[in-house]
Amino acid sequence: MKSIRIGTRNSALALWQAREVARHLQNNNYLTEIVPIVSSGDKNLNQPLYSLGITGVFTRDLDVALLNDEIDIAVHSLKDVPTQLPQNIEMIAYLERDYPQDILIRKESARNKEFHELKLATSSLRRRAFWLRNYPTTDFSDIRGNIQTRLQKLEDGDFDATILSLAGIKRMKMEIDYEMLPLMICAPSQGVISVAGHTDKPEINEIVRQINHQQTQICVEIERNFLSTLEGGCTAPIGAYAEIIADQIRFKAALCSLDGKNCIAVDESFVYTPTENFGEKFAKVVLENGGKELMAEIKSQI
């Protein structure tokens with residue numbers, strides 16, 4: 001069989017993720033070739049994502065390459081992937097989740113400031129809302145770009161700290177001081193590398209399914225079903241995290257208003273059964289407890 005062409009964004013982190021997928025496939029004795037593609041999300045670093053008006057800004061160009069047979073599979077950070085996939089594209093594998101958490105990184109001059117005193121740089125509506133829930137007087141700045149770009153902007157900019165995904169820092173092996181943020185619920189499927197395939201390539205898709213991590217798949221499908229039922233796309237302030245503990249799954253999730261003042265949360269433990277859509281079930285609980293009105297309010301404000 002010829003090499004499996006692996007499409008990826010061309011940032012350092014995205015290339016690391018593609019190489020990780022390639023390593024898993026090579027361990028199963030398959031040849032691979034990495035094909036970097038510049039995404040629209042990487043081309044526009046000045047506007048926050050929610051103002052670009054679309055979801056899937058980081059996956060669209062890879063979708064096009066997949067549909068045009070320029071690549072055989074596409075590797076994504078799953079939290080960037082819309083819950084509604086284009087026709088003929090399907091998720092075929094998830095690597096084992098490593099670091100789902102959000103972390104705080106400060107500049108040296110803000111080392112001794114309390115959380116409520118920090119001026120934060122983040123363009124994520126979720127991170128802003130969850131932070132405002134606890135520290136309502138915080139000032140924010142927008143920040144975009146890859147990890148290295150954001151850290152440079154942190155040094156150069158007029159703000160004290162930024163919030164990043166721990167997965168990126170760990171995968172890049174960056175020696176940097178950070179603080180854990182228990183007040184945050186991570187984005188649905190944060191910390192998970194995923195692989196998308198074309199429905200017309202069943203042979204390749206079956207090969208890639210061999211590297212799928214079943215427990216991770218169970219958890220992220222619950223999170224993504226929760227997100228899609230709320231109709232949150234990738235922009236509304238929604239956090240969701242499912243974790244397998246012994247013979248149960250614990251699911252923590254919340255929908256917050258943009259200012260953080262109104263948060264509707266669930267925290268449930270249950271025995272998993274594949275026939276029940278738990279993500280949808282808990283999203284409906286949120287919607288029935290004021291979430292429907294809150295989602296309408298958020299959409300009118302974005």
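Predicted model: local features only at pLDDT ≥ 70, side-chain atom pairs only at ≥ 80, totals over all residues.
## The five-stranded sheet

Five strands form an open sheet in the order β2-β1-β3-β10-β4, and the pairing within this sheet is mixed. Strands β2 (32–37) and β4 (89–94) stand at the edges, where each has a single partner strand, so one side of each is left without a neighbour in the sheet. From one strand to the next, the twist averages 30 degrees.

In general, the strands of a sheet pair through backbone hydrogen bonds, and they may do so either parallel or antiparallel. Strand β3 (residues 73–77) and strand β10 (residues 193–198) run antiparallel and are joined by five bridges. As one example of this pairing, His76 has Ser194 in β10 as its bridge partner.

## Helix α1 on the five-stranded sheet

Helix α1 (residues 12–27) lies across β1 (4–9), β2, β3 and β10, and its direction makes an angle of about 160 degrees with that of β1.

Which residues of α1 are buried? They are Ala14, Gln17, Ala18, Glu20, Val21, Ala22 and Leu25. These buried residues pack against strands β1, β2, β3 and β10, and also against the helices α6 (166–171) and α7 (202–209). After α1 comes Asn29, which has a positive phi, near 70 degrees.

## The three-stranded sheet

A second open sheet has three strands in the order β11-β12-β13, and here the pairing is antiparallel. The edge strands of this sheet are β11 and β13, each of which pairs on one side only, while the twist averages 5 degrees from one strand to the next. Eight bridges join β11 to β12, and within this sheet Ala242 stands opposite Phe251 in β12.

Helix α8 packs on this sheet and touches β11, β12 and β13, with a direction that makes about 155 degrees with that of β11. Helix α4 (residues 125–134) also lies across β11, β12 and β13, and it runs at about 85 degrees to β12.

## The kinked helix α9

Helix α9 (residues 278–301) has 24 residues, yet its end C-alpha atoms are only 29 Å apart, which falls short of the 34 Å that a straight helix would reach at 1.5 Å a residue. Where is the kink in α9 centred? The kink, of about 80 degrees, is centred on Gly290. At the start of α9, a side-chain oxygen of Asn277 comes to within 3.4 Å of the backbone nitrogen of Gly279.

The buried residues of α9 include Phe278, Gly279, Phe282, Ala283 and Val286, and also Gly291, Leu294, Met295 and Ile298. Among the elements that cover the buried residues of α9 are helix α8 (214–230) and the strands β11 (238–245), β12 (248–256) and β13 (263–270).

## Arg111 in a loop

Arg111 has its place in the loop between β5 (102–106) and β6 (120–121). With a relative accessible area of 31%, Arg111 is partly exposed. When residues up to four places away in sequence are not counted, Arg111 touches Arg106 and Asp177. Although Arg111 and Ala161 are 50 residues apart in sequence, their C-alpha atoms are 9.4 Å apart in space.

Key. Residues numbered from 1 in each chain as written. Heavy atoms only, no water. Helix = DSSP H or I, 4+ residues; strand = E, 2+ residues; numbered from the N terminus. Expected span 1.5 Å × (residues − 1). Bend = angle between axes of the 7 residues up to and from the residue. Buried < 20%, exposed > 50% of the residue type's maximum accessible area, 1.4 Å probe, protein only. Contact = heavy atoms within 4.5 Å. Polar contact = N/O pair within 3.5 Å; in protein donor to acceptor, adjacent residues only side chain to side chain. Pairing = 2+ DSSP bridges. Axes fitted to C-alpha atoms, helices over the stretch in contact; angles between N-to-C directions.
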